[in-house]
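The model it describes is a predicted one.

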Amino acid sequence: MKTLFPHQQEALERARKRPFFALFMRPGTGKTGVALSLMSEKLQNQEFRKFLLIAPGNLLINWEMALSDFVSAPRSSYIVRSIGNRVSTKEAKDQLVKLQAYESKGVFLMINYEKVAKLERELKKFNPDMVI
């Protein structure tokens with residue numbers, strides 16, 4: 001588990017105090033770590049269970065790799081699904097339906113921008129607790 005730098009810890013503290021927040025930080029300064037650390041806390045405290053991460057398709061793999069660095073919950077307590085450019089809309093819809101069955105586990109759903117509009121109805125049903 002990676003340790004946050006002081007500026008990241010400060011951002012995490014501020015985010016904890018608010019129901020909604022934005023991280024206005026320069027590229028490369030650790031927004032991903034702050035966001036995933038907060039998500040990890042919410043999962044471990046059983047406050048939130050479903051997380052939706054929306055990012056460019058080429059960055060989805062970065063988010064997936066960073067999960068193991070910043071999410072301290074046991075890997076058996078959550079599942080990860082990534083829906084990128086190569087996944088057809090039908091496949092993506094099927095995956096979203098299957099995710100509804102995971103009531104006792106945390107769910108990290110990562111999706112690229114382009115798929116969001118095509119999956120609007122299914123994403124509303126997914127009903128994430130937190131969106132990044």
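## Aromatic rings and the charges over them

Lys42 lies over the face of Phe48, at 5.2 Å from the ring centre.

Across the whole structure, a search finds three aromatic pairs. In one of them, the ring centres of Phe51 and Phe108 are 4.8 Å apart and the planes stand at 15 degrees, so this pair is stacked. The two residues come from distant parts of the chain, with Phe51 in strand S1 and Phe108 in strand S3, 57 residues apart, and both Phe51 and Phe108 are buried. Phe108 also pairs with Tyr78: here the centres are 5.1 Å apart and the planes at 80 degrees, so the pair is edge-to-face. Because Tyr78 lies in strand S2 and Phe108 in strand S3, this second pair ties together parts that are 30 residues apart in sequence. Tyr78, like Phe108, is buried.

In soluble globular proteins, nonpolar side chains tend to be buried together. The largest nonpolar core here has 26 residues, and those with the most contacts inside it are Leu36 and Phe108. Two or more residues are given to this core by each of helix H1 (6–16), helix H2 (31–44), strand S1 (50–55), helix H3 (60–70), S2 and S3. H2 provides the largest share of this core, namely six residues.

Leu36, leaving aside its neighbours within four places in sequence, is in contact with Leu53, Trp63, Ala66, Leu67, Phe70 and Val71. Apart from this core lies another, of 13 residues, which includes Ile79, Val87, Leu99 and Phe126.

In helix H4 (residues 89–99), the buried residues are Ala92, Leu96 and Leu99. These residues cover an arc of only 60 degrees around the axis, which puts them on the same side of H4. On the other side of H4, the residues Lys90, Val97 and Lys98 are exposed. The cover over the buried residues of H4 includes strand S2 (78–83), S3 and helix H6 (120–126).

Helix H1 has Gln8, Ala11, Leu12 and Ala15 as its buried residues. They cover an arc of only 100 degrees around the axis, which puts them on the same side of H1. What covers these buried residues of H1 includes H2.

## Two fully buried positions

Leu119 is found in the loop between helix H5 (113–118) and H6, and at 0% relative accessibility it counts as buried. Leaving aside neighbours within four places in sequence, Leu119 is in contact with Thr89, Ala92, Lys93, Leu96 and Ile111. Leu119 and Leu96 are 23 residues apart along the chain, and their C-alpha atoms are separated by 9.0 Å.

Asn112 is found in strand S3 (residues 106–112) and is likewise buried, with a relative accessible area of 0%. Not counting residues up to four places away in sequence, Asn112 touches Ala55, Pro56, Gly57, Leu60, Ile83, Gly84 and Asn85.

## Salt bridges

The structure holds eight salt bridges. In one of these, Asp69 is joined to Lys2, with the closest N and O atoms 3.7 Å apart. Since Asp69 lies in helix H3 and Lys2 in the segment before H1, this pair ties together parts that are 67 residues apart in sequence. Asp69 is partly exposed, with a relative accessible area of 26%, and Lys2 is partly exposed as well, with a value of 47%.

Glu13, Arg16 and Glu41 are linked in a network of salt bridges. Within helix H1, the side chains of Arg16 and Glu13 meet in a salt bridge (2.1 Å, N to O); being three residues apart in that helix, Arg16 and Glu13 are separated by about one helical turn. Arg16 also forms a salt bridge with Glu41, the closest N and O atoms being 2.3 Å apart. Because Glu41 lies in helix H2 and Arg16 in helix H1, this pair ties together parts that are 25 residues apart in sequence.

Terms used:
Residues numbered from 1 in each chain as written. Predicted model: local features only at pLDDT ≥ 70, side-chain atom pairs only at ≥ 80, totals over all residues. Heavy atoms only, no water. Helix = DSSP H or I, 4+ residues; strand = E, 2+ residues; numbered from the N terminus. Buried < 20%, exposed > 50% of the residue type's maximum accessible area, 1.4 Å probe, protein only. Contact = heavy atoms within 4.5 Å. Arc of directions from axis to C-beta. Core = buried A, V, L, I, M, F, W, Y, C linked by side-chain atoms within 4.5 Å. Phe/Tyr/Trp six-rings, centres within 6.5 Å; stacked < 30°, edge-to-face > 60°. Lys NZ or Arg CZ within 6 Å of the ring centre and 35° of its normal. Salt bridge = Lys/Arg side-chain N within 4 Å of Asp/Glu carboxyl O.
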